[in-house]
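Please follow the account below with the sequence and the coordinates at hand.

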Amino acid sequence: MHSLGFHIHAPTLIESPKARFLIVDTPSSNNLPYYIKEFERWQVTDVVRCCEPTYSKEILKDRGIETHDFVFSDGASPPDAIIHTWLQLIDDRFDNKEHENSCIAIHCVAGMGRAPVLVAIALIEQGMAPLDAVTFIRERRRGAINKQQLKFIEAYQPRSKKQCIIC
């Protein structure tokens, strides 16, 4: 239980050589000030919501943080359109010297399924083996990624391989 009277998991920083992600529980209007402090601490430039909105984007926008809605079903794997948009956001943020120390915060309801799956996809795209990506995340956020999502990640093919013109 947090000192403000609400139950949350601690924010989980996932760092790779090319990107930084902060997996969090879903903020609400009541606890958003706590999350804003964490976002500022980790230099968050973007927040990705994988669940229905529980707070106004305007509050974050006023602090220079862009909010993106990549909503998909709880316990499920992300559709291709969301994966494409997610990877485009990562390219836009981390392939840009202007955002060199940026961090993307990402959440679903508890930060245990949808958000970690998208982070795992990002790690795989950066060259990490699928099961290594899951282990890397689970070492930092216990219980992340369910069985169905694990099967999806095991079968996930990085877009660089999907787009190979000689394969």
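A residue counts as buried when its relative accessible area is under 20% and as exposed when that area is over 50%, with partly exposed in between. The model is predicted.

Helix α3 runs over residues 80-94 and reaches 21 Å from its first C-alpha to its last, close to the expected 21 Å. Its buried residues are Ile82, Ile83, Trp86, Leu87, Leu89, Ile90, Arg93 and Phe94. They cover an arc of only 155 degrees around the axis, so they lie on the same side of α3. The face turned away from that buried side carries the exposed residues Asp80, Ala81 and His84.

Asp91 is partly exposed at 25%, and Arg159 is partly exposed at 23%. Salt bridges that share partners also join Asp46, Glu66 and Arg93 into one network.

The whole structure holds eleven salt bridges. Among them is the pair of Arg63 and Glu40, at 3.2 Å, N to O. Arg63 sits in the loop between α2 and β4, and Glu40 in helix α1, 23 residues apart. Asp69 forms another salt bridge, with Arg49, the closest N and O atoms being 2.6 Å apart. Here strand β4 supplies Asp69 and strand β3 supplies Arg49. Asp69 is partly exposed at 35%, whereas Arg49 is buried at 3%.

No disulfides are found in the whole structure. The sulfur of Cys108 is 6.1 Å from the closest cysteine sulfur, in Cys50, which is too far for a bond. Cys108 is buried, with a relative accessible area of 3%.

Note on methods. Residues are numbered from 1 along each chain as its sequence is written. This is a predicted model: local features need pLDDT of at least 70, side-chain atom pairs count only at pLDDT 80 or more; totals for chains, interfaces and linings use all residues. Side-chain values use heavy atoms; hydrogens and water are left out. A disulfide is a pair of cysteine sulfur atoms within 2.5 Å. Buried means under 20% relative accessible area, exposed over 50%, partly exposed in between (1.4 Å probe, protein chains only). Helices (H or I, at least four residues) and strands (E, at least two) are DSSP runs, numbered from the N terminus. The expected span of a helix is 1.5 Å times one less than its number of residues. The arc is that of the directions from the helix axis to the C-beta atoms. A salt bridge is a side-chain nitrogen of Lys or Arg within 4 Å of a carboxyl oxygen of Asp or Glu.
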